[in-house]
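Here is a friendly briefing to read with the model open beside you. Please take a look at the structure, then work through the topics below.

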Amino acid sequence: MSYLASPARSVALGDTGLTISTIAWGMWRFRGTDVAAARALVEAAFDAGITLFDTADIYGPDNNEDFGAAEALLGRVFAEAPALRDKMVLASKGGISMGVPYDSSPAYLASAIDASLTRLRCDNIDLYQIHRPDLLAHPQEVARALDDARTAGKITAIGVSNHTPQQTAALAEFLPVPIVSHQPEFSALTTAPLFDGLFDQAMARGMAILAWSPLGGGRLANPQDARATAVAELLDKKAAETGVDRAAAAYSWIMAHPARPIPIVGTQNAARIATIPDAYKPQWTRAEWYDVLQASMGEKLP
């Protein structure tokens with residue numbers, strides 16, 4: 001039986017000189033005031049082999065906390081244990097302004113980056129991503145703001161989140177350095193990047209893909225319809241082969257694609273974080289991988 005190639009545990013992030021883990025830990029639900037507990041989660045992620053940590057300035061209000069709360073909590077962890085910052089590749093995002101909703105104007109981005117650095121209590125963000133495209137910002141203006149931050153040493157690499165391939169290409173035209181990452185929603189239930197050109201662009205340009213909501217927003221954990229149930233059953237079959245759970249099988253399905261998408265795992269439970277490396281155990285045949293895709297589509301491929 002021939003299996004698809006397994007992903008490496010770490011890869012280079014473009015030509016930035018940074019090396020990232022092929023699974024990321026996401027901090028959308030990173031919250032609270034207990035710094036010791038927060039530090040324990042960060043250390044659990046390191047123990048699980050994760051070096052890529054993804055946050056954003058907008059993470060907070062969804063947890064009934066202030067704008068920037070997740071970054072601020074991580075900053076308090078860094079203040080207590082500065083060595084943790086040096087061990088990780090820190091990714092953050094900006095460009096969402098509450099009530100606006102999007103602002104990638106040069107002045108706003110400059111202020112957003114500075115505010116993130118203040119909350120994080122550090123002087124550099126390794127990977128800074130435009131969180132969502134601002135339809136009222138010319139890509140040349142966005143590029144200028146990002147490159148100004150890069151040349152000032154405030155950010156190292158530039159990425160995009162929730163951008164189409166065309167929006168990404170337009171921004172890239174005005175940057176003197178490559179865009180090194182895409183961050184789309186991608187899971188066995190949300191497969192648009194396979195078909196809209198995003199994965200093709202990432203492979204052509206050597207961009208990393210950071211896949212948010214890799215469990216389909218909880219729909220794979222708790223299927224509520226026939227489509228999700230059919231996908232979950234196939235993931236369970238694969239999981240049983242290697243003694244892992246459905247989540248690990250779902251992550252492994254994502255990583256089996258040749259674009260090597262990086263699942264952003266958002267669990268805030270240390271015991272669950274410890275099981276993240278199980279995602280490297282399942283292997284997929286070509287037929288099995290397509291079976292999951294076709295179950296998600298609800299139809300056979302032509």
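This is a predicted model: local features need pLDDT of at least 70, side-chain atom pairs count only at pLDDT 80 or more; totals for chains, interfaces and linings use all residues.

The largest pocket has a volume of about 820 Å³, and 35 residues line it.

**The largest pocket**

- Closest to the centre of the largest pocket are Trp-28, Trp-212, Ser-213, Ile-264 and Gly-266.
- Helix H9, spanning 246-255, and strand S10, spanning 262-265, each give at least two residues to the lining.
- H9 provides the largest share of that lining, with three residues.
- Sorted by class, the lining of the largest pocket holds 16 nonpolar, twelve polar and seven charged residues.

**Helices H4 and H5**

- Helix H4 (residues 106-120) and helix H5 (residues 139-151) have axes that come within 9 Å and cross at roughly 30°.
- Angles under 35 degrees count as roughly parallel, so H4 is roughly parallel to H5.
- The H4 and H5 crossing is right-handed.
- On the H4 side, Pro-106, Leu-109 and Ile-113 take part, and they meet Glu-141, Val-142, Arg-144, Ala-145 and Ala-149 of H5.
- The contact of H4 with H5 comprises six nonpolar and two charged residues, with no polar ones.

**Helices H8 and H11**

- Helix H8 (residues 226-242) packs with helix H11 (residues 286-297) at an angle of about 160°, and their axes are 8 Å apart.
- Angles over 145 degrees count as roughly antiparallel, and H8 and H11 are therefore roughly antiparallel to each other.
- The crossing of H8 and H11 is left-handed.
- H8 contributes Arg-227, Ala-230, Val-231, Leu-234, Lys-238 and Glu-241 to the contact, while H11 contributes Glu-288, Asp-291, Val-292, Ala-295 and Ser-296.
- By class, the contact of H8 with H11 has five nonpolar, one polar and five charged residues.

**Backbone details in loops**

- The peptide bond from Val-100 to Pro-101 is cis, with omega near 5°; Pro-101 sits in the loop between strand S5 (89-94) and H4.
- Asn-162 is not a glycine, yet has a positive phi of about 60°; you will find Asn-162 in the loop between strand S7 (155-161) and helix H6 (165-173).
- Ser-213, also not a glycine, has a positive phi of about 55°. The loop that holds Ser-213 lies between strand S9 (208-211) and H8, and Ser-213 is one of the residues closest to the centre of the largest pocket.

Technical notes:
Residues are numbered from 1 along each chain as its sequence is written. Side-chain values use heavy atoms; hydrogens and water are left out. On a 1 Å grid over the protein atoms alone, a cavity is a set of points where a 1.4 Å probe fits but cannot get out, and a pocket is an open set with protein on both sides within 12 Å along at least five of seven lines; lining residues have an atom within 4 Å of a point. Grid points are joined across faces, edges and corners, and a volume is the space filled by probe spheres set on the points. Helices (H or I, at least four residues) and strands (E, at least two) are DSSP runs, numbered from the N terminus. Ala, Val, Leu, Ile, Met, Phe, Trp, Tyr, Cys and Pro count as nonpolar, Asp, Glu, Lys and Arg as charged, and the others, Gly among them, as polar. Axes are lines fitted to C-alpha atoms, for helices over the stretch in contact, and angles run from 0 to 180 degrees between N-to-C directions. Angles under 35 degrees count as roughly parallel, over 145 as roughly antiparallel, 65 to 115 as roughly perpendicular and the rest as oblique. A crossing is left-handed if the near helix is turned anticlockwise from the far one by less than a right angle, and right-handed if clockwise. Contact means heavy atoms within 4.5 Å.
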